[in-house]
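Q: Please take a close look at the packing of secondary structure in this model, and describe it in one connected account.

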Amino acid sequence: MEDDFDQTLDSNYGSSHDKVIVHLDADCFYAQVEMLKNPELRTLPLGVQQKNLLVTCNYVARQFGVKKCMLVSDAKRLCPSLILVKGEDLYDYRQMSTKMTLLLQKFSPLVEKLGLDENFVDVTQLVAETLKSDFAGSRNVEGHIYGDITSRCDCGCYERLCVGSQIASEMRKQLKEELGVTCCAGVAYNKLLAKLVCSTHKPNQQTTLFPAGVSDLMLNLNNVRSLPGIGHRTSEILQSLGISSIEQLQNINLELLEHALGRTLAERLKKLSVGADDMVVKPTGKPQSIGLEDGFRKISLESEVKDKCEVLLQRLMILLAEDGRIPGAIRVTVRKYDNSSRYSHRESRQCNIPSSLFLPKVGTLSSNAHNKLLTSIMKLFHKIIDISKPFHLTLLGVAFTKFQERNTGKGSITSFLVKDISVQSVMNFQNISLHGVEAMECSSSKNAGKQSGSTLNYADKSGSESEPEPSPKKTRADFWRGSRKRSLTESDKDSPNKHRSSELRLSTGEPINEVDFSKLSDGIQEELMESCMSLPSLTDKLGISDNSTPNTSMSIEDNFQTNASQKLWKRLGSNQGPQDQ
DNA sequence: CTGGATGAG
DNA sequence: CATTCTCATCCAG
């Protein structure tokens, strides 16, 4: 007990080298998506703005000194030719994020999202299988190596991390070829180090960290703020203790730190400071809440509140239909204008809602449900704001929570259909009302002219997550296709029953869909809901046999893992020919 | 369970 | 500092 250090060093918490973690971080993600939607922007300085804030920009713009989280006005002063696109609506970014995660899940089921543009993948298993089947030992590292490797650890981590770097390289290759997205990757034996080393070479590069480089990596961090888990608040507390550097954090007395931060956080930060992290990669499932919010300068009338909420609710209903689950509660969030400035204070209220509002029961009128929800929202609003007095809001948000898993068996099939139908309806509507959006040049710029009629690929989503619904064969097949063949384009075109697989269709104007749906909601909403009601007629259209394949989903994971490692092995074998000795 | 604080991108 | 638009986790009430 007197010996604080024993715990850290002895029990090896978070510092064993037995795992291989890859962290992937898409380069200037929002800007990349915008450039995929409109490739003409590639060579121009591009910024993505939300309200008055430049949330990210491409690397052309960065040459002018434009940076993340700048005021738009400042950015324009630095770079008068800066092209700005609006990024308040996250729909396309979310869509691409889902595609990236799905692609990565082909390498391991252990994929954890961090925000929309980052993923952790635990590839320990795939590495082990690859090492097992690859008897010829010569290994080289793909990409950069961080720090020195003069002293090699004897636990076998050197070989594991080498293979990890090759897997990371393959992941980035597929992300680029299949989705058109460039990423950075970091490879290390825990999450913390994988993330930290990831950002040492940017953009579109990867870096592998071996144990000998850990100390350098940690001590080269500028300050404690660089550690994940230390935000501005904890940083202030540490500052008050005279701690700003990583080295200071490494050396501070643990009890002193516990006094200021509590035992749990203090111990965690102590370990993080020396590069130890025992957090597991927790597979990301469906979100626990789905919400939208809108910030603005001033709202002070109840009618404005109601209008805002109605628009938010309409957009939210689309996200909800895509998710496929039924919410049990709704929450309203506001931010009041606060001149005294401290920091942004939000208040929220939530209430339960009857699930009957969402059941796909024939005869349920959507406008009815919609109105009831809007009424609930306004009630919640009145719980926060006393409208008999003047008020000044700068933000309104609406979110659904407490999702119910749906019924087993038929129920889930039905919901599956409802989800697809709602999306299709929106598509159909787009075809009718908006004519000729833009030519789509989305993914790998090769295949510009995809056929436009097919469905969006939301079905993929339910494929690899918690629900055992759709056939995992797809995933496996996709993996093989993606990995063995150079041209994904060809194989996609060739297979007609492939309409559910991962084609990139970002530039078909999904945001336009959404916006237009909102604006014209009066008419459209009825149309959408009517479509949802007529379930039987849609079963034909959708080709149920495709997704209801009674697939014996035994050891799918094992299967694709095996295939993955075979494929990787093959690839490495053929690529390494000349280098082998 | 609710709502606020904090932190992530 | 947050600023944007989300989402998750932790914790006190």
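A: Helices (H or I, at least four residues) and strands (E, at least two) are DSSP runs, numbered from the N terminus. The model is predicted, with local features needing pLDDT of at least 70, side-chain atom pairs counting only at pLDDT 80 or more, and totals for chains, interfaces and linings using all residues. Residues are numbered from 1 along each chain as its sequence is written, chains are lettered from A and ligands numbered from 1 in written order, and side-chain values use heavy atoms, with hydrogens and water left out.

The open sheet has 4 strands in the order β4-β3-β2-β5, with mixed pairing (two strands pair if DSSP finds at least two bridges between them). Its edge strands are β4 (70–71) and β5 (83–86), each of which pairs on one side only. Strand β2 (residues 46–50) runs antiparallel to β3 (residues 53–57) and is joined to it by 4 bridges, with Q50 standing opposite L53 in β3. Across β2, β3 and β5 lies helix α2 (residues 29–37), running at about 115° to β2 (axes are lines fitted to C-alpha atoms, for helices over the stretch in contact, and angles run from 0 to 180 degrees between N-to-C directions).

Turning to a helix pair, α10 (residues 232–240) packs against α12 (residues 254–261) at an angle of about 130°, with the axes 11 Å apart. That angle makes α10 oblique to α12 (under 35 degrees is roughly parallel, over 145 roughly antiparallel, 65 to 115 roughly perpendicular, and the rest oblique). In this pair, T234, I237 and L238 of α10 meet L257, A260 and L261 of α12 (contact means heavy atoms within 4.5 Å).
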